[in-house]
Amino acid sequence: MSAIRNLFNKMRPSFEEGGKLHAFRSVFDGFETFALVPNDTSKSGVNIHDAIDSKRIMSMVVIALMPAMLFGMYNVGYQNYLAAGTLATASFLEIFCFGFLAVLPKILVSYIVGLGIEFAWAQWKGEEIQEGYLVSGIIIPLIIPIGCPLWMLALACAFSVIFCKEIFGGTGMNIFNPAIAARMFLFFAYPSKMTGDQVWVAQDSIFGLGNTLPDGFTAATPLGQIAQGVNPDASICDMICGFIPGSIGETSLVAIAIGASILLLTGIASWRTMCSVFVGGAVMACIFEQTGQSMVWWHHFILGGFAFGAVFMATDPVTSCRTTTGQFIYGFLIGAMAVIIRVMNAGYPEGMMLAIFFGNMFAPTIDHFIVERNISKRLKRGGTK
């Protein structure tokens with residue numbers, strides 16, 4: 001660690017005022033902050049110093065996302081070999097390597113485009129580079145189908161960073177989750193690449209791995225089949241484990257549960273928000289089930305992006321409610337709205353991302369009324385009119 005610090009100390013004069021690389025000061029600060037704990041401290045204002053900062057929070061969320069990402073890579077290969085009928089003859093390494101090579105370009109494009117804009121924006125404004133995109137950059141590829149073209153992903157990343165983050169002031173100031181914004185952009189701009197039966201399975205061989213599937217090959221997700229009134233092909237075990245077609249990181253409830261445990265044990269995510277999303281979804285799903293809706297209420301949790309959204313996106317500390325009571329209301333609203341969208345709109349079976357988007361919209365209002373109510377109660381308690 002001392003060698004890395006000495007390297008940065010040696011390079012620093014070139015990036016400071018008057019140095020030949022002063023124009024890239026923000027880039028240098030970004031890499032130094034990522035690699036080391038900066039020596040700079042606050043000089044004025046009220047500050048609270050503890051063992052956690054935004055870099056550690058983002059790093060912990062990335063670690064929590066690793067199980068879903070790694071399983072998603074394996075499942076991409078699994079679905080390709082399964083569709084081609086060669087699963088029995090393929091090794092674990094072959095299946096995983098195919099998925100790894102299929103998913104890696106999407107992660108690289110997400111980070112290159114998003115961080116490139118972040119670096120350019122910080123340099124233009126003369127500000128420090130923020131760590132927020134460390135999480136968004138990995139979530140965005142995980143919530144899209146494997147068939148989404150790279151150029152569309154690049155457009156979505158650019159849109160989310162510019163119009164849903166930077167124009168609001170950067171990390172901590174945005175009212176909408178950037179990953180949600182990217183997903184919404186892709187869905188409404190290019191719906192044929194985000195829905196349907198042709199986008200969930202990788203179609204082509206990669207470096208001799210995997211199989212090139214026939215033209216016109218289709219594979220519906222279990223959620224899509226239920227929305228069409230068809231019994232899903234997958235078993236309950238496959239749905240829970242994640243061996244089903246779907247967005248890259250959203251299929252495995254087991255992998256998502258591991259990530260949720262990490263976030264809850266470290267105190268990064270709010271258990272109030274996370275649990276109330278499932279409660280809201282369960283209540284609304286039970287209501288619909290009693291009215292004759294064919295889908296069993298708990299199927300909503302193991303299909304689509306419900307669990308992934310509840311764990312990694314609804315709990316975003318920037319765009320969710322900050323008050324304790326508000327977190328319960330916010331989570332319940334998202335869970336209930338997701339089920340309503342799924343059941344009432346057969347053409348849009350995946351309603352979780354849209355529900356979180358609306359939840360982000362109402363979060364400041366919910367917090368406002370909770371705070372005003374608390375102020376009013378305290379004034380009455382003190383006898384003040």
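In this predicted model, the axes of helix α11 (residues 271-290) and helix α13 (residues 306-313) come within 8 Å and cross at roughly 150°. Axes are lines fitted to C-alpha atoms, for helices over the stretch in contact, and angles run from 0 to 180 degrees between N-to-C directions. Helices (H or I, at least four residues) are DSSP runs numbered from the N terminus. Helices α11 and α13 are therefore roughly antiparallel to each other, a term applied to angles over 145 degrees. The crossing of α11 past α13 is right-handed, meaning that the near helix is turned clockwise from the far one by less than a right angle. Local features are reported at pLDDT of at least 70 and side-chain atom pairs at pLDDT 80 or more, whereas totals for chains, interfaces and linings use all residues. Residues are numbered from 1 along each chain as its sequence is written, and side-chain values use heavy atoms, with hydrogens and water left out.

At this crossing, Met274, Val277, Phe278 and Gly281 of α11 meet Phe306, Ala307, Ala310 and Val311 of α13, contact being defined as heavy atoms within 4.5 Å. The contact comprises seven nonpolar residues, one polar residue and no charged residues. In this scheme Ala, Val, Leu, Ile, Met, Phe, Trp, Tyr, Cys and Pro count as nonpolar, Asp, Glu, Lys and Arg as charged, and the others, Gly among them, as polar.

On a 1 Å grid over the protein atoms alone, a cavity is a set of points where a 1.4 Å probe fits but cannot get out, and a pocket is an open set with protein on both sides within 12 Å along at least five of seven lines; lining residues have an atom within 4 Å of a point. The second largest pocket holds about 400 Å³ of space. Its lining consists of 28 residues, of which Trp200, Thr221, Gly224, Pro349 and Glu350 lie nearest the centre. Helices α7 (178-189) and α8 (222-227) each give two or more residues to this lining, and α8 gives the most, with four. The lining divides into 13 nonpolar, eleven polar and four charged residues.

Two cavities of 30 Å³ or more were found in the whole structure. The largest cavity contains about 60 Å³ of space, and the residues lining this cavity include Glu118, Trp121, Glu128 and Gly170. The second largest cavity contains about 30 Å³ and is lined by Gly72, Asn75, Val76, Gln79, Ile146, Trp200 and Gly246. Four charged residues occur in the lining of the largest cavity, whereas the lining of the second largest cavity has none.

Notes: Parallel < 35°, antiparallel > 145°, perpendicular 65-115°, else oblique. Points joined across faces, edges and corners; volume = space filled by probe spheres on them.
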